[in-house]
Amino acid sequence: KTSETNQSLGKFVISLKNSIQKELEEVIMLLTQLIKYKNLRLLLLFGFMCFFLVRVVEVLCDEHYYVEQKIVYLQKQSEELQTKLKDRKHQFASELQLAMVRRIVNKYETGFSKEREQVLIETIVEVSNANNINPLLITAIIETESHFSNYARSYMGARGLMQVMPATGREIAQKLGIRWEGVRNLYEPIS
């Protein structure tokens, strides 16, 4: 929409320039004839008309400059609003994800305090989004593996919310640069 307005203004300015150029050529011809016949009254009237024409052109140029500045201002405002809208959309999506994960977690006895439970929910959403994984997928895995029981342990030895085997946990900790403190790490998903 803005580029169309700029194009329209550009066409208008070019048209105005061409029109003024034609008028000036006619003015020069008329001036030449007036000087030739020494008609002072018409020459004076003609001078006033030229002065008026110059003032009209100045006003039109000022108006064009004002419109250009207004377009630049509106473009900047539009960009700022788009950024705010994008941020708000991201914030809303994050809040929605938190609410959906919280609704699932609240169905289970986790073994965490309410504060730690909230940190767990925020961590699931934050880490999932940082790795382009739907937080509900991670929530579904935890729900399936441990029913959000932090101290769950399988008969094969898998532990914690996501039922990770100790050897696998050690390997993942090394790859991620997390200090491995044994199976205790598997029961502390937020550390």
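Select Glu171 and Lys175: their side chains meet in a salt bridge, 3.6 Å from N to O. A salt bridge here is a side-chain nitrogen of Lys or Arg within 4 Å of a carboxyl oxygen of Asp or Glu. The model is predicted, so local features need pLDDT of at least 70 and side-chain atom pairs count only at pLDDT 80 or more, while totals for chains, interfaces and linings use all residues. Residues are numbered from 1 along each chain as its sequence is written, and side-chain values use heavy atoms, leaving out hydrogens and water.

Glu171 and Lys175 are four residues apart in helix α5, about one helical turn. Helices are DSSP runs (H or I, at least four residues), numbered from the N terminus. Glu171 is partly exposed at 45% relative accessible area, and Lys175 is exposed at 69%. Buried means under 20%, exposed over 50%, and partly exposed in between (1.4 Å probe, protein chains only).

Next, select Glu117 and Lys114 in helix α3 (residues 114-130). Their side chains form a salt bridge of 3.5 Å, N to O. Glu117 is buried at 5%, whereas Lys114 is exposed at 62%.

Then go to Glu181 and Arg179, whose salt bridge spans 3.9 Å, N to O.

Last, select Tyr151 and Tyr187. Their ring centres are 5.8 Å apart and their planes lie at 35°, so the pair is tilted. Rings of Phe, Tyr and Trp (its six-membered ring) pair if their centres lie within 6.5 Å; planes under 30 degrees apart are stacked, over 60 edge-to-face, and the rest tilted. Tyr151 is exposed at 53%, but Tyr187 is buried at 15%.

Definitions and conventions:
Helix = DSSP H or I, 4+ residues; strand = E, 2+ residues; numbered from the N terminus.
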